[in-house]
Amino acid sequence: MTEMNDGKYEAIFCIVNKGFTDLVMTAARAAGARGGTVISARGTGNKELEQFFGVTVTPEKEIVMILVPIEIRDKILLAVNDGAGMSTKGQGIAFSLPVSDHIGIIPPEEKTEEKKTTGE
Amino acid sequence: MAEITPYDKTHRLHKLLLVCVVVNEGQEDAIAQLCYQNEAYACFMTRGRGTALNTWMEVTGIGELRKVIVFSIIRDDTWNLLRKSIEQRFAVSKISKGIAFCVNLTSVMSISVYKMLGNIRIFENAVEDDEKKKKKKKIIGGKKK
């Protein structure tokens, strides 16, 4: 494999209750993320564990997928934990995966230059 | 680089990659086609939406930013070709733009699943074809050893 951008970007997946994706994105944006994609999903909680921990798993879920530079990954995960973590109504769980390579992401510096040249 | 032996041709292990492509609704078939052209065994598509702020959407009058996420698994040696094809596809127009990334798979549950996902049969056929060609040549030449 050649020209792999090893370690530059990571994909953050955040699973939240349906309707609370704004909490995730607001927190992530404040920490430096630019945009994400929301996928509908269904949760399957363990009944025994739910009784033990006293937390019910709402079956209707949404997954927020955000591609972020590795430098701000921890900052975003912490922000998402504060803004949409288990202690909030979103009851979110977030984790990140290492991305081997990526296509179509314009670095923030280039994007601002592009706007200046096009007069946006 | 080490010399490739006949054993490598048939039994060399390739890493598998999970490819994820996020595109606008309606573009998913083109992306799936590119994956199949680059020896992907299957594609899985799911609907999603972009995360533009609700207030911004109200102001601009855009109802919803509909997206489709295409997941596929390919061998690492085919990624560079697929990457180029996807880049070309993204450059066609504003509508066809999107983002794509790949993640290394660390394990699969069985050898048969690995062969299926990696589309490994192609290598075995290639070696069989080579052997058939050799046999054919010998017959044509009339010098059977």
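Two strands pair if DSSP finds at least two bridges between them. This model is predicted. In it, strand β2 (residues 37–42) of chain A pairs with a strand of its own chain, β3 (residues 60–69), and is also joined by bridges to strand β2 (residues 43–50) of chain B.

**Fold of chain A**
- Chain A contains four helices and five strands.
- The order of these elements along the sequence is β-α-β-α-β-α-β-β-α.
- Of the 120 residues in chain A, 33% are buried.
- Taking the contacts in chain A between residues at least 6 apart in sequence, 79% link residues at least 24 apart.

**Pairing within chain A**
- β2 and β3 of chain A run antiparallel, with six bridges between them.
- In this pairing, A:K61 of β3(A) is the residue opposite A:A41.

**Pairing across the chains**
- β2(A) and β2(B) are antiparallel and are connected by three bridges.
- A:T37 lies opposite B:G50 of β2(B).
- A:I39 has B:G48, also in β2(B), as its bridge partner.

**Contact between chains A and B**
- In total, 23 residues of chain A contact 25 residues of chain B.
- On the side of chain A that touches chain B, at least two residues come from each of β1 (9–17), α1 (21–30), β2, β3, β4 (93–98) and β5 (101–103).
- By class, the chain A residues on that side are 13 nonpolar, eight polar and two charged.

Conventions:
Residues are numbered from 1 along each chain as its sequence is written. Chains are lettered from A and ligands numbered from 1 in the order in which they are written. This is a predicted model: local features need pLDDT of at least 70, side-chain atom pairs count only at pLDDT 80 or more; totals for chains, interfaces and linings use all residues. A residue is buried if 20 or more other C-beta atoms lie within 10 Å of its own, exposed if 12 or fewer, and partly exposed in between; C-beta atoms are placed from the backbone. Two residues are in contact if their C-beta atoms, placed from the backbone, lie within 7 Å. Ala, Val, Leu, Ile, Met, Phe, Trp, Tyr, Cys and Pro count as nonpolar, Asp, Glu, Lys and Arg as charged, and the others, Gly among them, as polar.
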